[in-house]
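Today I am opening my notebook on a structure that is new to me.

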Amino acid sequence: MEDHSKQVSTEPSNPLVDSFGRLHTSLRISVTDRCNLRCTYCMPEHSPAFFPKDELLTFEEIERVARLLVQRCGIREIRITGGEPLVRRDLHNLIARLSSIPNLQDLSLTTNGILLTEQAVQLRSAGLQRLNISLDTLSEDTFKRITRRSGLQQTLDGIEAAIRAGFSSIKLNALAIRGITENEIRRLIEFASGNQMVMRFIEYMPLDSDRSWHRNDVLSGDEILQILEDQFGSIQPITKTDLSQPSEDFLVGKHRVGIIRSVTQPFCGQCNRLRITADGAVRNCLFAQDEVSFKDQLRGGASDTEILNCVQASIQKKARAHGINDTSFEPPERPMYAIGG
Ligand code: SAM
Ligand code: SF4
């Protein structure tokens, strides 16, 4: 007998198109707000206010929403994030559930790498396709200064474990912070390149829970390019094949390097992303002031259509741009670790 269970129409019945005509095909799902580091640009040093455990969506709940969004709304990429997603117990079970969704083309995860040594093989076997690993420095002292914890060697071991587990297109992401990143750029690029990985630098955004971000702390894409030119000589821009990708890639000497200018050159016009927080809210932008919670509906027996209405309501409220450079800009109430980066 023919198996129809995996045959799903590729034409979504409920495409997620906002009022500016942007189609949303990429979903970030945060699975926890907890973390084993305390990066200064993200978390407070002491007593972060974590969600009570029973407020976190269960794997069943996440799978239900993800399936709906893939099958009915045309989501094609899912990235798992947090907090630190690998601190969520048995995460590989969620990966296995998500990787079985028909028509999902890309399943990836962002991690600080600390727990990858233990989990890389399980995650890969469960169907995780790609990894982004955060690595801001190759110096233990600087690592401690940024993360308020030890752990550089664990991260490096985690990267090695991921390569051994067969992850092939690993991206390494460093936050670009004035006074820290300038001296790391060359070593990070050579490290990434030496391991067949792409190094990317991301401009620091006002999403830290200490609210101490200042525009002058952002090491801008232009400044990074100048450093690259000074240190490597030649820089060639690489033409984008996917316009919704925020990274501008360059060939720097023989290395491929990405720059994400979220602050100095926002890419809101091409945005195709939405986010689900660990406690079950849809956010249409990292910087959105509003969000639509659907956890109570999910737990109160809502129909699929009612859940989708919550998602559509959030999409319809999406602003044209995050307005980070407007004088009236206010950072969102939730810091990065509670949104899901
Ligand atoms: N814990 C994981 C990690 O660090 O990779 C995943 C969650 S973390 C919030 C996701 C990404 O957001 C990391 O690459 C981190 O560097 C980035 N991030 C955190 N705070 C940020 C900020 N204020 N501005 C820009 N990116 C930030
Ligand atoms: Fe944790 Fe990632 Fe935030 Fe650092 S950036 S504190 S690793 S969630």
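**Entry 1: what I count as a salt bridge.** I call it a salt bridge when a side-chain nitrogen of Lys or Arg lies within 4 Å of a carboxyl oxygen of Asp or Glu. I keep in mind that I am reading a predicted model. Side chains of opposite charge can pair when their charged atoms come close.

**Entry 2: E63 and R97.** I looked up E63 and found a salt bridge to R97, with 2.6 Å between the closest N and O atoms. This pair links distant parts of the chain, since E63 sits in helix α1 (residues 59-73) and R97 in helix α2 (residues 91-99), 34 residues apart. Are the two partners buried or exposed? I noted E63 as buried, with a relative accessible area of 14%. That follows because buried means under 20% relative accessible area. R97 is partly exposed, at 27%.

**Entry 3: the whole structure.** How many salt bridges does a search of the whole structure find? I wrote down 17.

**Entry 4: R22 and D18.** Next I checked R22, which forms a salt bridge with D18; their closest N and O atoms are 2.6 Å apart. R22 counts as buried at 7% relative accessibility, and D18 counts as buried at 5%.

**Entry 5: R261 and E248.** I then followed R261, whose side chain meets that of E248 in a salt bridge of 2.7 Å, N to O. R261 lies in the loop between β9 (255-260) and β10 (273-276), while E248 belongs to strand β8 (residues 248-252), so the pair ties together parts that are 13 residues apart in sequence. I also noted R261 as buried, at 6% relative accessibility.

**Entry 6: a network.** Which residues do salt bridges with shared partners join into one network? My list reads E60, E63, R67 and R97.

**Entry 7: helix α5.** I turned to helix α5, which runs over residues 152-164 and has 13 residues. From its first C-alpha to its last it reaches 19 Å, close to the 18 Å expected at 1.5 Å a residue. I marked its buried residues as L152, T155, L156, G158, I159, A161 and A162.

Note on methods:
Residues are numbered from 1 along each chain as its sequence is written. Chains are lettered from A and ligands numbered from 1 in the order in which they are written. This is a predicted model: local features need pLDDT of at least 70, side-chain atom pairs count only at pLDDT 80 or more; totals for chains, interfaces and linings use all residues. Side-chain values use heavy atoms; hydrogens and water are left out. Helices (H or I, at least four residues) and strands (E, at least two) are DSSP runs, numbered from the N terminus. The expected span of a helix is 1.5 Å times one less than its number of residues. Buried means under 20% relative accessible area, exposed over 50%, partly exposed in between (1.4 Å probe, protein chains only).
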